[in-house]
Amino acid sequence: MFEIIFLGTSASAPSVRRGLSAQIVMYRQYRFLVDCGEGTQRQLLKSGLGFKRLEHILLTHGHLDHILGLAGLLSTFMRWETIEQMEIYGGRATLERVQDLLFKVVLRGARPPMVLKFTEIKPGCVIQDQHLELVAFPVTHRGAPGCFGFLFREKPHRPFLDDQAVALGVPRGPERRQLVAGQTVMLPNGRVIAPDDVLGPVEHGASLAVVGDAGRIDDLVEAVRGVDALVIEATYLQEEAEMAQQYGHLTATQAATLAQQANVRQLILTHVSRRYHEKDILAEAQAVFPATVVARDLYRYTVRRGQIVLAQGPEEAVAASEEEFDVGA
Ligand SMILES: [Zn+2]
Ligand SMILES: [Zn+2]
């Protein structure tokens with residue numbers, strides 16, 4: 001199960017209700033910050049998440065509305081050393097711009113307040129462990145070389161059948177770990193237990209694709225095929241399709257067409273322009289792909305295999321953030 005919390009959902013410039021692009025994807029111990037537009041720090045506080053465990057920052061591309069918040073974040077960390085390490089992932093050109101911002105503007109010769117790492121993304125696996133695989137795929141977007149989208153995929157797993165294990169006399173401890181790892185074990189009484197004796201049928205995990213700005217959809221269909229939730233920009237409406245093409249952005253219709261062609265379960269639109277009403281963006285997309293929502297700042301979605309839930313609207317998120325202030329986080 002993944003959770004995604006939208007911190008900023010506006011295109012290019014903030015509006016009264018929407019901040020610039022940023023979202024947190026949470027999975028088990030991980031917190032991935034995907035993009036970090038200006039104002040992200042305050043949204044992190046409002047969301048109730050605070051600055052803890054912001055160790056992985058994934059950048060879709062290097063346009064300013066997606067990276068300027070890193071300067072403020074680092075500036076805060078220079079005063080309060082709250083994390084040990086920050087690793088920033090992006091295409092080469094993105095990292096170069098971010099390094100200029102952080103080293104030439106913010107740090108200016110000072111030591112970073114944490115271990116600061118930069119990892120250049122290439123298409124393919126970025127991070128994986130026994131539960132999760134994070135894959136980067138190329139995205140085409142105006143004037144920005146090395147743009148990437150991110151696919152978060154929970155690895156298929158077989159649940160451990162506790163009742164079965166108890167019935168077979170498998171004690172708690174290393175034998176169980178070995179069985180989960182696919183090894184046959186022999187119990188002290190000489191009984192041999194195979195993984196199939198205590199593991200249920202394979203369960204496929206949830207998948208979530210997060211694409212930043214994009215200028216075309218035909219090269220994204222395979223990358224996002226069949227995901228439980230697709231997050232992607234919808235900067236324009238179809239009535240301004242020409243302008244969308246000129247600036248290398250998508251219309252709501254194009255985003256919905258991608259969702260339909262790639263057979264995703266749920267489409268979540270973001271990076272929306274203050275030029276339009278949200279209901280018009282939603283109506284245009286839903287005419288093509290009904291399972292569409294438009295994200296709002298501080299909305300939180302839970303993505304499970306075959307199911308997506310809006311778990312928390314902004315009012316509750318604001319209430320949660322007050323508690324966060326009280327504990328001084
Ligand atoms: Zn943008
Ligand atoms: Zn952009």
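Biologist: Where does Arg 18 lie?
Modeller: This is a predicted model. In it, Arg 18 lies in the loop between strand 1 (2–8) and strand 2 (22–27).
Biologist: Is Arg 18 buried or exposed?
Modeller: Buried. The relative accessible area of Arg 18 is 12%, and the cut-off for buried is under 20%.
Biologist: What does Arg 18 touch?
Modeller: Leaving out residues up to four places away in sequence, Arg 18 touches Thr 9, Ser 10, Val 272, Glu 278, Val 294, Ala 295, Arg 296 and Asp 297.
Biologist: Which backbone oxygen lies 2.7 Å from a polar atom of the Arg 18 side chain?
Modeller: The one of Ala 295.
Biologist: Switching to the metals. What are the protein donors of the zinc ion (ligand 2)?
Modeller: His 61 through NE2, His 63 through ND1, His 141 through NE2 and Asp 213 through OD. They lie 2.2 to 2.3 Å from the zinc ion (ligand 2). The spacing along the chain is H-x1-H-x77-H-x71-D.
Biologist: Why is the arrangement around the zinc ion (ligand 2) irregular?
Modeller: Because the four donor atoms subtend angles of 89 to 171°. Tetrahedral would need all angles between 85 and 135 degrees.
Biologist: Which residue bridges the zinc ion (ligand 2) and the zinc ion (ligand 1)?
Modeller: Asp 213. The two ions lie 3.5 Å apart.
Biologist: And which parts of the chain do His 61 and Asp 213 tie together?
Modeller: His 61 lies in the loop between strand 4 and helix 2 (64–67). Asp 213 lies in the loop between strand 12 (207–210) and strand 13 (229–233). So the pair links parts 152 residues apart in sequence.
Biologist: How about accessibility for those two?
Modeller: His 61 counts as buried at 0% relative accessibility. Asp 213 is at 3%, so buried as well.
Biologist: Now the sheet. What is the strand order?
Modeller: Eight strands, in the order 6-5-4-3-2-1-16-17. The sheet is open and the pairing mixed. Strand 6 (115–120) and strand 17 (307–312) are the edges, each pairing on one side only. The twist averages 20° from one strand to the next.
Biologist: In what sense do strand 16 and strand 17 pair?
Modeller: Antiparallel, over five bridges. Arg 300 stands opposite Gln 312 in strand 17.
Biologist: Which strands does helix 3 touch?
Modeller: Helix 3 (residues 69–79) packs on the sheet and touches strand 3 (30–36), strand 4 (56–58) and strand 5 (85–90). Its direction makes about 130° with that of strand 3.
Biologist: And helix 4?
Modeller: Helix 4 (residues 92–107) lies across strand 5 and strand 6, at about 155° to strand 6.

Methods:
Residues are numbered from 1 along each chain as its sequence is written. Chains are lettered from A and ligands numbered from 1 in the order in which they are written. This is a predicted model: local features need pLDDT of at least 70, side-chain atom pairs count only at pLDDT 80 or more; totals for chains, interfaces and linings use all residues. Side-chain values use heavy atoms; hydrogens and water are left out. Two strands pair if DSSP finds at least two bridges between them. Helices (H or I, at least four residues) and strands (E, at least two) are DSSP runs, numbered from the N terminus. Axes are lines fitted to C-alpha atoms, for helices over the stretch in contact, and angles run from 0 to 180 degrees between N-to-C directions. Contact means heavy atoms within 4.5 Å. Donors are N, O and S atoms within 2.8 Å of the metal (3.2 Å for Na, K and Ca); water is not among the atoms, so sites may look incomplete. Four donors count as tetrahedral if all angles lie between 85 and 135 degrees; four count as square planar and six as octahedral if opposite donors are over 155 degrees apart and all others between 65 and 115; anything else is irregular. Buried means under 20% relative accessible area, exposed over 50%, partly exposed in between (1.4 Å probe, protein chains only). A polar contact is a pair of N or O atoms within 3.5 Å; within protein, one must be able to donate a hydrogen and the other to accept it, and residues adjacent in sequence count only if both atoms are side-chain atoms.
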